[in-house]
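Subject: A structure for you to explore

Hi there,

Here is the structure I promised to pass on to you. Please have it open while you read, and the notes below will take you through what turned up.

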Amino acid sequence: MADPVESFRQSLVERVRGVFNDTAQGEQPTPPSDDALFEKDTPIRMVHSDLVGMMVGGIRALLLQMLHPDALQGVLDHSNFREDMHGRLRRTAKFIAVTTFAHRDEAMKAIERVNRIHSKVSGTLPDGTPYSATNPRTLAWVHVTEASSFLAGYLRHVRPNMPGYEQDEYYRQFAVIARALGADPVPISRNEAEELFRELRSDLRSSPEAREVAHLVLTQRPHGTPPGLQSVLGGDAVEMLPPFARTMLGLTRPGIAALPARAATWGMGKTLRWAFKQN
């Protein structure tokens, strides 16, 4: 007789994998390789293996990225995000998985593929200023928002006592990918990340378009996800945003209302780590 607990665990794993992989196109989860860019049990692999921390961090990063006029315009001009927000998030998650866990050759192929796509993404801002997805400073903002957000999600939901030297090592490891994508400057420690975040803040702009994207990110439910999941994850991500970003995006800090969402997110993370045998 089948073990009902094991059956539930396997069912949950398959359902989650279906959210992160385009199964209709035959896409499969990324198998970890012993010859990846990063060794097993190092900070980047620990941080990027936690689903809830990465989902919350990914939403936070995307909200911050949309405050950069170049990054925002690239999405508006070269993306069907309104119809396929989930697809965009899924492709980003797949890129992180491949570059972190897959064989180093597959990781470099993924980076080269993104670089080719970026080379074709350019245009003009509403004020007439040209933009390009290959701009090193824009890529630096994209990177620092992702790195700081993924790490923040991990610290918040998994390991709040992660030693500082391991957090710095996480930035050093993630810098390998950022440099290969053309980002410059690239932080290699917590202090450098904080300094770069403050420096690049001067490039940010509030706009109706940025607020529209934020609304879509927080309200559009990916196909196959349980009801209420997006609001729980989104509420937690908004809570983690710096106050200036919430103001620029027209968002309100959940405050005490965030406590149930945080508890639900914590419980979800615990369940998923059990399902994927990460406890």
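A residue counts as buried if its relative accessible area is under 20%, as exposed if over 50%, and as partly exposed in between (1.4 Å probe, protein chains only). By that rule, Tyr170 is buried, with a relative accessible area of 0%.

Before we go on, a word on the source: this is a predicted model, in which local features need pLDDT of at least 70 and side-chain atom pairs count only at pLDDT 80 or more, while totals for chains, interfaces and linings use all residues. Residues are numbered from 1 along each chain as its sequence is written, and side-chain values use heavy atoms, leaving out hydrogens and water.

**The aromatic rings**

Rings of Phe, Tyr and Trp (its six-membered ring) pair if their centres lie within 6.5 Å; planes under 30 degrees apart count as stacked, over 60 as edge-to-face and the rest as tilted. How many aromatic pairs does this rule give? The count is five. One of them is the stacked pair of Phe150 and Phe174, with 6.3 Å from centre to centre and 20 degrees between the planes. This pair links distant parts of the chain, as Phe150 is in helix H7 (residues 136-157) and Phe174 is in helix H8 (residues 164-180), 24 residues apart. Helices here are DSSP runs (H or I, at least four residues), numbered from the N terminus, and strands are E runs of at least two.

Phe150 is buried at 4% relative accessible area, and Phe174 is buried at 2%. Why is the pair of Tyr170 and Tyr171 edge-to-face? Their ring centres are 5.8 Å apart and their planes are at 70 degrees, so the pair gets that label. Tyr171 is buried too, at 5% relative accessibility. Ring pairs join Phe150, Tyr170, Tyr171 and Phe174 into a cluster.

**A histidine in H7**

His143 is found in helix H7 and is buried, with a relative accessible area of 5%. Which residues does His143 touch, leaving aside its neighbours within four places in sequence? It is in contact (heavy atoms within 4.5 Å) with Phe174, Ala175, Ala178, Val186 and Pro187. Phe174 is also part of the ring cluster.

**Helix H3**

Lastly, have a look at helix H3 (residues 51-65). Of its 15 residues, 14 are buried, so H3 is largely enclosed by the rest of the structure.

Enjoy exploring!

Best wishes

Conventions: Expected span 1.5 Å × (residues − 1).
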